[in-house]
Amino acid sequence: THFIGDQAKTFLAAPSSKPWFLYLAPPNPHSPFTAEEKYESASVPPWTCNPAVMESDRSDKPPFVQAQKRGCGWGQRTRTNQLRTLFSVDDMVERVLTNLEASGDLDNTLVFFISDNGYLWGEHGPGGKRYPYLQSIRVPMFARWDGHLPAGAVDNRLVANIDIAPTILDAAGLAPASMDGRSLLSGYSRQRILTENWRASEVPDLPTWASLLTTQGHFIAYYDTSGAISFREYYDLTVDPWELSNRFAPPAGWTQQLSSDRRCAGASCP
C-alpha cells in the first residue's frame, strides 16, 4: 500500500497541462490481513454480530450455503484484522489528497472511493465474497468534486461500479457511443441492479449465480452446468432486510427479467 502511494505521489508530481486519470487499487484489506507494525494492535470500532450472522435456521438456503459454518467469533476476528490493514489505506488516501491540495488540483478533481466487492463476516454461514447476499455485494461508494458535488450529501439511488466510467467521461465533457452504466451526474435513477458470479475453481461448490436487486426485493437464481436454474432465493427487503426468510418464488416477471438482463449490453441495461 505504501509503494502504491509512492507511485501516486510520483505521478501527481509530474507537471501536465492535460487531463489525467489516476486509478489506485491497494491490496488491503485482502487476506492474509497483515497490518503494518504500528497498526498491529490498533483499536477498531466495536461490531455486534447482526441477525444474518446469528441466523439459526438456514434450511431455506442452498445446500452449499448450509454447509458453511462461519460464526460470530470468526466474523469479529476477521473484521478486526481487516480494519487494521485499512489504516494504511487511510494514510495513502490522505497523502494523495494532500498532494492534490498542495498542487491546486483538488478543486478540479473528481474523486471516487469504492471497493470491488463486499465481504461476509459469517452472514448465513459463509465468509468472504462471491456469495450473493447483501453484505457481499454492497460496497461503500463516496464521491468528491469540490464545487460540483455538495459536501456531506447522501444519494440513495441504486448505483454500481459500472457507473464510474460514464460519470468520469461526462465530467470531462465526453459522450461514449455505448457502454454499460450511466453517468451519476445525469440524474438517472435505475430501478434494479444485476449482479453475477460464475463458477470458479477457487470455490468449486459455489455454482454460477445471478441476481436482481431492487430497493424492495432481492431475487437470486443459481444455475447448473447446463444453464438451468437449480435453486431460487427471493427476499422481501421491506420486511426482511437481513435476508432470513427465503420465499423462493419471486414476483411475476422477475425470472424473465433476470434472463433478459443477463444477455443485455449498453446503457439500457440495469
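# Strands, cavities and helix faces

Visitor: Which residue in the turn of the hairpin formed by β7 and β8 has a positive phi?

Guide: β7 and β8 form a hairpin with five residues between them, where strands are DSSP runs of E of at least two residues and helices are runs of H or I of at least four, numbered from the N terminus. In the turn, a positive phi of about 95° belongs to Gly227.

Visitor: What kind of model is this?

Guide: Residues are numbered from 1 along each chain as its sequence is written, and side-chain values use heavy atoms, with hydrogens and water left out. Local features need pLDDT of at least 70, side-chain atom pairs count only at pLDDT 80 or more, and totals for chains, interfaces and linings use all residues: this is a predicted model.

Visitor: Which residue in β8 does Gly217 stand opposite?

Guide: Strand β7 (residues 217-223) and strand β8 (residues 229-236) pair in the antiparallel sense over seven bridges, pairing being counted if DSSP finds at least two bridges between two strands. The residue in β8 that stands opposite Gly217 is Asp236.

Visitor: How much does the twist average from one strand to the next in the open sheet of four strands?

Guide: The sheet is open, with antiparallel pairing and the order β5-β6-β7-β8. Its edge strands, β5 (193-197) and β8, each pair on one side only. With axes taken as lines fitted to C-alpha atoms (for helices, over the stretch in contact) and angles running from 0 to 180 degrees between N-to-C directions, the twist from one strand to the next averages 15°.

Visitor: What is the bridge partner of Leu194 in β6?

Guide: β5 pairs with strand β6 (residues 208-213) in the antiparallel sense, over five bridges. Within β6, the bridge partner of Leu194 is Leu212.

Visitor: How much space lies in the largest cavity?

Guide: A cavity is a set of points, on a 1 Å grid over the protein atoms alone, where a 1.4 Å probe fits but cannot get out, and its lining residues have an atom within 4 Å of a point. Grid points are joined across faces, edges and corners, a volume being the space filled by probe spheres set on the points, and two cavities of 30 Å³ or more are counted. Residues including Arg157, Asp163, Arg182 and Tyr188 line the largest cavity, and the space in this cavity is about 50 Å³.

Visitor: Which helices each supply at least two residues of the lining of the second largest cavity?

Guide: About 30 Å³ of space lies in the second largest cavity, and its lining includes Gly5, Leu12, Met92 and Asn99. By class, this lining has four nonpolar, two polar and two charged residues, with Ala, Val, Leu, Ile, Met, Phe, Trp, Tyr, Cys and Pro counted as nonpolar, Asp, Glu, Lys and Arg as charged, and the others, Gly among them, as polar. The helices that each supply at least two lining residues are α1 (2-13) and α3 (72-103).

Visitor: Why do the buried residues of α6 line one face of the helix, and within what arc do they fall?

Guide: In helix α6 (residues 254-263), Trp254, Leu258 and Asp261 are buried, meaning under 20% relative accessible area, with exposed over 50% and partly exposed in between (1.4 Å probe, protein chains only). Gln256 and Arg263, on the other side of α6, are exposed. The arc is that of the directions from the helix axis to the C-beta atoms; the buried residues line one face because, seen down the axis of α6, they fall within an arc of 70°.

Note on methods
On a 1 Å grid over the protein atoms alone, a cavity is a set of points where a 1.4 Å probe fits but cannot get out, and a pocket is an open set with protein on both sides within 12 Å along at least five of seven lines; lining residues have an atom within 4 Å of a point.
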